[in-house]
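Subject: Structure handover

Hello,

Here is the structure for your files. My notes on the contacts follow below it.

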Amino acid sequence: MTDTTIGQDRGQASIQVPRPAAEQSRTFDWTLLVWLLFAAILVLIVVNPILRLVWESVATEDGGLTLDNYVKAYSRTRYWQALINTVVMGLGTAALAAVLAVPLAWACVRTDMPGRGFVRLSVLAAFIIPPYLSAVGWVLLAGPNSGWLNKVWMALTGAPHGIFNIYSLAGLITIMGLHLFFFIFVFTSSALELVSSEMEDAANVLGAGPVKTAFKITLPLITPAIIGGLIIIFLQSIALFGVPAIIAIPARYPVVTTQLTEFFSNNRVDLAAAYALPLLLITMSLLGLQRWMLARKGFTVVGGKGGERRLVKLGAWRWVMFGYALLVSVLAVFMPLTVLIQAAFSKAWGRGFAFDNLTLSHVNFILFEHQGAVPALVRSILYAGTAAFAALALALVIAYIVKRNLLKGGQVLAFLCMAPFVIPGIILAIGFYAAYAPPPLALAGTALIIIVAFTTRLLPIAYQNSVAGLSSIHVEMEEAVRILGGGRWLAVRRVVAPLLKRSLVGAWILIFVPACQELSTAIFLSGPKNRVLSVLIFDFSEEGKFEQLAVLGGLLLIITVIIVAIGFRIVGRDFMLRRQ
Amino acid sequence: MKFTRKITRRQFGLGAAATSAGIVLPSAARADLSADAEKALYEAAKADSEVTWYDAHHHVELAELYGKAFNTKYPGVKVNVVRTTANIAYQRVAQEIKAGSLQCDVLSSTDISHSMDLKTKGLLEKFTPANAATVIPALQNADPDGFFHVTSTGTIAVTYNSGKVKPVDVPKKWTDLVDPKWKDQVSVGHPGFSGYVSIWVYEMDRLYGWQYFEKLKANNPQIGRSIQDTLTMLRSGERMVAAGSTSTAFESKVKGEPIDVAYQEDGTIVVVAPSCILKGAKKPNAAKLFMEFMSSPAASQIAVDAFGESIHAAIKPKAGLPLDQLKTIIAKPPLLLKAQPELKEKWRETFGV
């Protein structure tokens, strides 16, 4: 994830050092089998579900082919409206996220703003809080009549109505933007870390102030990173499932994911598949556009080493900047968390803080009475943890194959690793279900189906991190081993693995956190015995049981934070913000 | 009185029907689950060791209570409780059947048309619990062929926030909900998710035509998913009036919250909710035992303790008026089944979601 763009590995591809011919002919390199095995696994878990998805969309009951589903899936204006709404929502979210994240990233990396560590932690916290949980938080905050913010407003002004309505497009964008801005923050930060101060100094010498320098010099240099982040946020936001279910239905703002639930509830998986597949064209063309833009301009400044980096002195502005950062953290983290904590311990959250409104009954219910809650929590952790290991192992091997050119068609493998990224989870789930649920695999309702789904879904993050990690290891070091007579395996074991250890821990956490929150695939694959916490939370939201939901969400958060904190200890410093 | 035939369309004197059948003494003695039969079934169920129950009848705490009560009564047979809305439950079952990997053993829906549909497609196991004979006669034989049985009833009425709605303003007829004075103050669920709500939509459409919903739309209702969502909106003060489930509203009221129920002059909607065993259920004996349990007076007692309706005449509701003192409306399952898809589509066209 620290790489600034998706699939940006052209730079390294050119460093391929031809291997000595003698070595290749010496003996059969048995590791080749390992590479082939992993490549096969990749094809199996990525290509198979996607093909099944396509098949669902064109197959008739009796095994023939039809395009009828595509006609039907786009037969109503309502369906088109959902599509347009989704694009508007995605664009709005990406724009908001950029406004939130870019100044913060700049301030954290390049300025002397106070509290930079705190701001980074808040950004991480915003990412750790599942979006559907903050959606519920925002319902409690900005429900048009009962939200706290509106109550305060009405009390202060005597107005009969509140001013915020979370059940709206603006509400959707706010909630999503406040969660997803993490991505732009990370991308922009890592790009900023590579912009040398010398160029900014040149601008300063020529009379530009810090703000002008930031806009004229720094910003253009990190544009590719920002664009990469924007695209990712667009894609992530249109794929979110929980937030629209909680917000968009009351807002009467149908989006693609709510439309898909409609198809599902009519048991028209074929229509859902047909409705969703054209979306892939949008996402793929976006990624193509990004590649093209990056290829056209040579952003050579970003990517090199060297150059000195000093912090820009903001003077009094540092406090303004800090104020902004504080505002973002309050909106993204502290306000939703506060109301959720309040709800978790309230008899009725609508009544606000009052001693006679306090209760531990929800905690008691979730921990001791609800027979499904604690097992679901345990499953979430186990499945997410296992999936993170699996995705990382697979991604690392594939990245190694691609980087060291060990198999023909490495770029195809690289593409496959990134492919799950362009498919919204809820769509991917259709493919997973079709691929794994029926015999011969018959994985429906098992732990494995969820783990495989999470692994596939999060493979792109794993791959990006693996590529970034491997890029930091020059091939010379491995060659040293091999010149001294060691095989490929020895080189991997004794050189590559130890060097990667730290960055892998960071990557594991970056996979683990979203896997713990993952709802969109889980909702479709989850049965009674493999129900994860996100699905249970979703079921609670359906009934409007916000108090108990808050307890469940709190448990998930506590566990995630503990695991992330352990990660911090191992990695030493904040893993997500540094170029590995 | 046969469920499918004799019930008048507009009115359904549940309590009266029960009394005329003379429930107080005889039926229990007649044909409920004998101790021997129960023991035999329990032993067989133990071999299954568990049963998976998709439950849309109850809200989450109540579903858990049922699970617990069953586990306590029949140690060694564990019930996996999966509480969800009727449509999601139905969709999951359909999906499981399609994939050939059925997880659900017993399905308790609130949308009787789902059970009809599954039965028509030959996806249900024929089983009549002996305890079904103890149920209020009017509720027996919901399916004459014995594929599904009423295991719960509930009522839909206007529920409101009594702290905000003045007594004079309390809606008396369903049409009052669409009065412009309730603009921005109405809360409803979604027929695409909730079985209760879809029956309410069916009845409103039948009584007042689709204009009812056009007018409702003008009132800008808060649309949630489950019918329980509406109570959340009332409790928080987000909305003042709702088409809601009476049982949870009474429960809130008894807890001291500003919630109350208003039965409507044009009819309180009675939802009869069936349970059934899926064909090819992996735990058939445990499923049968669970069906017996759901049809037993003990199950009614649990419902009543949670302010719900009873399906046994001897067990009286804890709050609210007995149904025989109310004008009630109950839908005919075949008509419901036929009307549902179109109504849901109309709803989506009207409200956009």
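How many residue pairs are in polar contact between chain B and chain A? The count is 22, with both residues at pLDDT 80 or more; a polar contact is a pair of N or O atoms within 3.5 Å, where within protein one must be able to donate a hydrogen and the other to accept it, and residues adjacent in sequence count only if both atoms are side-chain atoms.

Some ground rules. This is a predicted model, in which local features need pLDDT of at least 70 and side-chain atom pairs count only at pLDDT 80 or more, while totals for chains, interfaces and linings use all residues. Residues are numbered from 1 along each chain as its sequence is written, chains are lettered from A and ligands numbered from 1 in the order written, and side-chain values use heavy atoms, without hydrogens and water.

Chain B against chain A

The contact (heavy atoms within 4.5 Å) involves 56 residues of chain B and 53 of chain A. About 4600 Å² is buried between the two chains, 45% of it on carbon and sulfur atoms; buried area is the accessible area (1.4 Å probe) that two parts lose on being put together, summed over both. B:Q95, B:R225 and B:E238 supply 14% of what chain B buries against chain A, more than any other three residues.

There are ten salt bridges between the chains, a salt bridge being a side-chain nitrogen of Lys or Arg within 4 Å of a carboxyl oxygen of Asp or Glu. One joins B:E61 to A:K545, with the closest N and O atoms 3.1 Å apart. On the chain B side, α5(B) gives the largest share, nine residues. That side divides into 15 nonpolar, 21 polar and 20 charged residues.

Inside chain A

The domain assignment (automatic or from a database) gives domain 1 (99-345) and domain 2 (363-580) in chain A. In the contact, 44 residues of domain 1 meet 40 of domain 2. The area buried between these domains is about 3600 Å², and carbon and sulfur atoms give 83% of it. A:I128, A:Y132 and A:F241 supply 18% of the area that domain 1 buries against domain 2, more than any other three residues.

Between the two domains there are zero salt bridges and three residue pairs in polar contact, both residues at pLDDT 80 or more. The residues of the domain 1 side divide into 36 nonpolar, six polar and two charged.

Regards

How values were computed. Nonpolar A, V, L, I, M, F, W, Y, C, P; charged D, E, K, R; others polar. Helix = DSSP H or I, 4+ residues; strand = E, 2+ residues; numbered from the N terminus.
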